[in-house]
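Colleague: I am new to this structure and would like to go through it slowly with you. Could we take it question by question?

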Amino acid sequence: MAITVACACGKRFGVAEKHAGKRVRCPSCGGPLDVPAVDPPQPPPVPPAPGPAPVAQEPPLLTPEMFAPRPDATLNDLRRIGERMLLILRWIVALLAILTIRSCLPVNVRF
Ligand SMILES: [Zn+2]
């Protein structure tokens, strides 16, 4: 396993691992080259950083935005529900009013 070293002259080349920590001669310019020492003889390949799962390459067919109701739709729904509740409430009030009036009226009065 060669060690890649870069010379000051700009050349890059691999140096045999037996030269690690030693000074070699650049074959291009003849200048001295310090080969970095390799502490672990064979560093294990760096595994992919554990973090967020890899993002799917293709976009999903269904996105949450598709199911999220639009603001105006929500407003319309709320308005419809409110109107329905108001109608029911009006019916209840009317029924209560009729019952109250009937109970307050003399018993012999017929509608
Ligand atoms: Zn050189």
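Colleague: Leaving aside its neighbours within four places in sequence, which residues is Ala20 in contact with?

Modeller: This is a predicted model, in which local features need pLDDT of at least 70 and side-chain atom pairs count only at pLDDT 80 or more, while totals for chains, interfaces and linings use all residues. Residues are numbered from 1 along each chain as its sequence is written. Two residues are in contact if their C-beta atoms, placed from the backbone, lie within 7 Å. Ala20 lies in the loop between E2 and E3, and, with neighbours within four places left aside, its contacts are Ile3, Val35, Pro36, Ala37 and Val38.

Colleague: Why does Ala20 count as partly exposed?

Modeller: A residue is buried if 20 or more other C-beta atoms, placed from the backbone, lie within 10 Å of its own, exposed if 12 or fewer, and partly exposed in between. Ala20 counts as partly exposed because the number of its C-beta neighbours inside 10 Å is 16.

Colleague: Is Thr4 buried or exposed?

Modeller: Thr4 is found in strand E1, where strands (E, at least two residues) and helices (H or I, at least four) are DSSP runs numbered from the N terminus. Because 10 other C-beta atoms lie within 10 Å of it, Thr4 is exposed.

Colleague: Which residue in E2 is the bridge partner of Thr4?

Modeller: Strands E1 (residues 3-6) and E2 (residues 12-15) run antiparallel and are joined by four bridges, and two strands pair if DSSP finds at least two bridges between them. Within this pair, Val5 stands opposite Phe13. Beyond four places in sequence, Thr4 is in contact with Arg12 and Gly14, and its bridge partner in E2 is Gly14.

Colleague: Which residue in the turn of the hairpin has a positive phi?

Modeller: The hairpin is formed by E1 and E2, with five residues between them. A positive phi, of about 105°, belongs to a residue in that turn, Gly10.

Colleague: Which element of the protein chain has the lowest mean pLDDT?

Modeller: The pLDDT is the predictor's confidence in each residue, from 0 to 100, and the protein chain has a mean of 81, with 73% of its residues at 70 or more. The elements run β-β-β-β-α-α from the N terminus on. Strand E3 (residues 23-25) has the highest mean, 92, whereas the lowest, 65, is that of helix H1 (residues 64-67).
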